[in-house]
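Hi,

Here is the structure I promised to pass on. Have a look at it first, and then read my notes below.

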Amino acid sequence: MTLGTPSSQAYGEPWYWDNRYAHESAPFDWYQKYPALASLIHLYVPHRHERILVVGCGNSVFSEDMVNDGYEDVVNVDISSVVIEAMQTKYSNCQQLKYIKLDVRDMSPFQAGSFAAVIDKGTLDSILCGNNSRQNATQMLGEVWRVLKDKGVYILITYGAPVYRLGLLKESCMWSIKLHVIAKFGAEGSSEQPTRALTDPILLDESGSSVEDVLGKNPDVHYIYVCTKEPKTKD
């Protein structure tokens, strides 16, 4: 069964995802697949034994691919009980993968400083499509910051250019931010040859407008913000 095309605002609502996953069970990866991003993950999460959180996991095989690449502890959360139950059943024999129903605006089951990395492929984007988007996004980013260890990284893969995302990130928490870009999927379902190495960050100015000087206007890329949690300084 194919669902009708929703308004983008529906992406911010839990009912939409329960309905979608109840009718579309085939694995789907938003934006990018793991092999396309592996070199960047290796760069910022070099130790395979550290605990990693994937938010808005859906029914993606991204985390499975991480485990196949040697990562030993990948926790996945999603607001949809339908997809979490399906993924718990699918990976019941894989000790390296855990699936938990959770709202990213309140991840209180996790203690502060629980994860070395948080990976987000489109979850912040979905929240920004919903009602009370700014407030909900700020709550989510605050929770991401809380569950990260000091010097842990939040890896955000998004369609949002710096002029739309940088201010939100900087206002939410104490991050140091690096920007990378990757070409969007080509017609064959794999990333096209990027114009620059994925692991080569782009220099950012305060507003993010400098990116246009490097990429031109309206580049056909996904933006990857690598946000490192800076520890709070003691008075």
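Let's begin with Asn76. Leaving out neighbours within four places in sequence, Asn76 is in contact with Val54, Cys57, Ser63, Ile84, Leu97, Lys98, Tyr99 and Ile100, where contact means heavy atoms within 4.5 Å. Asn76 sits in strand β2 (residues 74-78). Its relative accessibility is 0%, so Asn76 counts as buried. For that label, buried means under 20% relative accessible area, exposed means over 50%, and partly exposed is in between (1.4 Å probe, protein chains only). The side chain of Asn76 also makes a polar contact, at 2.5 Å, with the side chain of Ser63. A polar contact is a pair of N or O atoms within 3.5 Å; within protein, one must be able to donate a hydrogen and the other to accept it, and residues adjacent in sequence count only if both atoms are side-chain atoms.

Before going on, a word on where this comes from. This is a predicted model, so local features need pLDDT of at least 70 and side-chain atom pairs count only at pLDDT 80 or more, while totals for chains, interfaces and linings use all residues. Residues are numbered from 1 along each chain as its sequence is written, and side-chain values use heavy atoms, with hydrogens and water left out.

Now the overall picture. The protein chain has eight helices and seven strands. Helices (H or I, at least four residues) and strands (E, at least two) are DSSP runs, numbered from the N terminus. Of the 235 residues in the protein chain, 48% count as buried. If you take the contacts between residues at least 6 apart in sequence, 72% of them join residues at least 24 apart.

Next, some helix pairs. Two packed helices are described by the angle between their axes and the distance between the axes. Axes are lines fitted to C-alpha atoms, for helices over the stretch in contact, and angles run from 0 to 180 degrees between N-to-C directions.

Helix α1 (residues 14-23) and helix α4 (residues 81-90) pack at about 45 degrees, with their axes 7 Å apart. That makes α1 oblique to α4. (Angles under 35 degrees count as roughly parallel, over 145 as roughly antiparallel, 65 to 115 as roughly perpendicular and the rest as oblique.) On the α1 side you'll find Asp18, Tyr21 and Ala22, which meet Ser81, Val82 and Val83 of α4. The residues of this contact of α1 with α4 divide into four nonpolar, one polar and one charged. Here Ala, Val, Leu, Ile, Met, Phe, Trp, Tyr, Cys and Pro count as nonpolar, Asp, Glu, Lys and Arg as charged, and the others, Gly among them, as polar.

For the other pair, the axes of helix α6 (residues 133-147) and helix α7 (residues 162-172) come within 9 Å and cross at roughly 55 degrees. That makes α6 oblique to α7. Arg134, Ala137, Thr138 and Leu141 of α6 make the contact with Gly167, Leu168, Leu169, Glu171 and Ser172 of α7. Sorted by type, the residues of the contact of α6 with α7 are four nonpolar, three polar and two charged.

Staying in helix α6, look for Trp145. Is Trp145 buried or exposed? At 13% relative accessibility, Trp145 counts as buried. Apart from residues up to four places away in sequence, Trp145 touches Cys173, Met174, Trp175, Lys229, Glu230 and Lys232. A polar atom of the Trp145 side chain lies 3.2 Å from the backbone oxygen of Met174. Trp145 and Cys227 are 82 residues apart along the chain, yet their C-alpha atoms are separated by 9.4 Å.

Helix α2 (residues 34-44) is worth a look too. Its buried residues are Tyr34, Leu37, Ala38, Leu40, Ile41 and Tyr44. What covers them includes α3 (62-68), β4 (115-121), β5, β6 (175-183) and β7 (221-229). Pro35 is also found in helix α2, but Pro35 is exposed, with a relative accessible area of 61%.

Asn132, in the loop between α5 (123-129) and α6, has a positive phi near 50 degrees without being a glycine. Lys151, in strand β5 (residues 148-158), has a positive phi of about 70 degrees and is not a glycine either.

Cheers
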